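Hi,

Here is the structure I promised to pass on. Have a look, and then read on for what turned up.

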Amino acid sequence: MNIHQFVTEIRVRPGTYFGKKKIDSLSDVGFFIYGFLFAEGSLGQTDDFDMFFRKEFQSFVVNKLDVRLTKIEFWFETINKKVNNNEAAIDLFFNLFDEFYLLYEKFSFYYGYSVAFASNDRNVF
């Protein structure tokens, strides 16, 4: 299972992961995802999209939401600051994640993942 499959599972079955039918906090989702990525890395099971997510998702969120960071923060903090409603923040995350995944698929289809991932051009997003 990669991060895309994992996030899809969280979206479809939040109760399996959070013990309730509704997700209460985007921060909970964010830390859960980072835990998943850490466990995957520890087991040597990280795939290309997982590495791309880890390296680029924060930049994607910042550029998509047109925010200026004044300090280092997690992507879920950036989303939470942009919208003051937790339910809206969770919906926004899933929408951004879907768009990010489609962008990844486009890059990996046309250029190969290694080209997109190795790119130092921060204007990709």
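Predicted model: local features only at pLDDT ≥ 70, side-chain atom pairs only at ≥ 80, totals over all residues.

Let's start inside: Phe57 has a relative accessibility of 0%, so Phe57 counts as buried (under 20% relative accessible area; over 50% is exposed, anything in between partly exposed, with a 1.4 Å probe and protein chains only). Phe100 is buried too, at 0%.

Residues are numbered from 1 along each chain as its sequence is written, and side-chain values use heavy atoms, leaving out hydrogens and water.

As for the fold, the protein has 7 helices and 0 strands (DSSP runs numbered from the N terminus: H or I of at least four residues for helices, E of at least two for strands). Of its 125 residues, 37% are buried.

Now the rings. Phe, Tyr and Trp (its six-membered ring) pair if their centres lie within 6.5 Å; planes under 30 degrees apart are stacked, over 60 edge-to-face, the rest tilted. That rule gives 33 aromatic pairs. In one of them, Phe18 and Phe32 have ring centres 5.2 Å apart and planes at 50°, so the pair is tilted. Phe18 sits in helix H2 (residues 14–18) and Phe32 in helix H3 (residues 26–42), 14 residues apart. Phe18 is partly exposed at 21%, and Phe32 is partly exposed at 32%.

Back to Phe57 and Phe100: their ring centres are 5.1 Å apart with planes at 80°, so this pair is edge-to-face. Phe57 lies in helix H4 (residues 48–65) and Phe100 in helix H6 (residues 86–110), so the pair ties together parts 43 residues apart in sequence.

Cheers
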